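Morning, everyone. I'd like to walk you through one model today, so please have the viewer open and follow along.

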Amino acid sequence: MTSSAVVGDIVAKLENPTVKWVAVGAGACGTGYLLMKVSWFRKNPLHSFGGKTGAMAKDLVNGGISSYNSFFDQADGKGVGSRILSTPEFVDKFYSLITDFYEYGWGESFHFAAREIGESFEASIIRQETAIAETIGLKPGMKAIDIGCGVGGPMRNIVKATGGHVTGITINEYQVARCLKLNAEAGVSHLTDIKQGNFMDLANVFPANHFDGAYAIEAACHASNTQALYEKVFTVLKPGALFSSYEWLRTNKYDKNNKRHVDVVDGIAEGNALPEVRTIEECIAAAKGAGFEVQYTFDRATTGGKPWQAAMKSARRAAYITHVLTGVLEFIRFAPKGTQAVHTMLLKAAVNLEAGGDLGIFSPMYLIVMKKPVA
């Protein structure tokens, strides 16, 4: 049975009231064990799924996931079509729904990493972050902007490694609060700042020619228009500054006439708030159209002794347990209605990401490095 079929089977079984009552009993017995073994996860599940999901009030979660699914529904590799200009609103909704899930199950850095044999997941994540900081030459005395910073995991690791100052921007209010709290706890508030705003409108948040460098870690994929985003970044950078981005892209192995390929990439987009999935050629054209000089491109997904998608495969046991747990907590009304639907969406997204990696048709870390001309 495929992973996708397993997800569907779990979801179907939990619709049966008898199965739910059995799950309640199992959940009650297992909750104590889970709490003792919380090191399987990165946050206490009862904290993550009780009362509210991220920034979304309890009574809004079910409607939120329903409207999200409707907006990002895609077919035949065509993206969201004419709805694309409304993307920022639904990206904000996406992160209101899933931030706690991401932090709970993955950590404070919402991205993948090229991983070496024998290297821990955490070490690979930090290495992925410091690598992009190196491409822009970040060092003490420099100011960089983190485009789509999430809860600030990369920001914290990068300032610790480089001594440079990083200002993050995220569209999501809840993530701003989490980032400020975590920055303070990590002792890096003096090297960091964070602003709430739409990165498609950077000029209204930051002055022109302000930053010494910029990076985006798996965030530019949410842009409704890649060139428009690059143009905004271009404006806030000083002449001669570098901008590097890990992009979520279709590779040259993707075949638009292969239904399996199309369905997998559509599934990746639907489950990760992407208006469409682009190519490196489109990103290069967007960079040049924005005025940048493209320095180089490189697919980091082709490096490492372990494929980037291996981390999701190894976390599958915890993911399925979480799925059962969210169903139980929702059934006993501890978690808001719609919580399990959110997790269903994330499970399906994970299945498609794994397939995209296994087939070699998708990369979440295609690096493009650009420079704003000096004159």
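I'll start with the chain as a whole, then go to one helix, some salt bridges and the aromatic rings.

A word on the ground rules: this is a predicted model, where local features need pLDDT of at least 70, side-chain atom pairs count only at pLDDT 80 or more, and totals for chains, interfaces and linings use all residues. Residues are numbered from 1 along each chain as its sequence is written, and side-chain values use heavy atoms, with hydrogens and water left out.

Okay, the overview. The chain has 14 helices and 8 strands; those are DSSP runs numbered from the N terminus, with helices being H or I of at least four residues and strands E of at least two. Of the 375 residues, 55% are buried. Buried means under 20% relative accessible area, exposed is over 50%, and partly exposed is in between, using a 1.4 Å probe and protein chains only. Take the contacts (heavy atoms within 4.5 Å) with a separation of 6 or more: 79% of them come from residues 24 or more positions apart.

Now find helix H6, residues 121-135. How far apart are its end C-alpha atoms? They are 22 Å apart, which agrees with the 21 Å that its 15 residues should span at 1.5 Å a residue. That expected span is 1.5 Å times one less than the number of residues. The buried residues of H6 include Phe-121, Ile-125, Gln-128 and Glu-129. Among the elements covering them are helix H7 (153-162), strand S5 (237-250) and strand S8 (362-371). Just after H6, Gly-137 has a positive phi of about 70°.

Next, Asn-172, in the loop between strand S2 and helix H8. Buried or exposed? Asn-172 is buried, at 0% relative accessible area. Leaving out residues up to four places away in sequence, Asn-172 touches Asp-92, Tyr-95, Ser-96 and Gln-196.

On to charges. There are 8 salt bridges, meaning a side-chain nitrogen of Lys or Arg within 4 Å of a carboxyl oxygen of Asp or Glu. Glu-119 pairs with Arg-127, with the closest N and O atoms 2.8 Å apart. Glu-119 counts as buried at 15% relative accessibility, while Arg-127 is partly exposed at 28%.

Last stop, the rings. Phe, Tyr and Trp rings (the six-membered one for Trp) pair if their centres lie within 6.5 Å; planes under 30 degrees apart are stacked, over 60 edge-to-face, and the rest tilted. By that rule we get 10 aromatic pairs. Phe-112 and Trp-248 have centres 6.3 Å apart and planes at 40°, so that pair is tilted. Phe-112 is in the loop between helix H5 and H6, and Trp-248 is in strand S5, so the pair ties together parts 136 residues apart in sequence. Phe-112 and Trp-248 are both buried. Then there's Trp-308 with Phe-362: centres 6.0 Å apart, planes at 65°, so edge-to-face. Here the partners are 54 residues apart, with Trp-308 in the loop between S7 and H12 and Phe-362 in strand S8.
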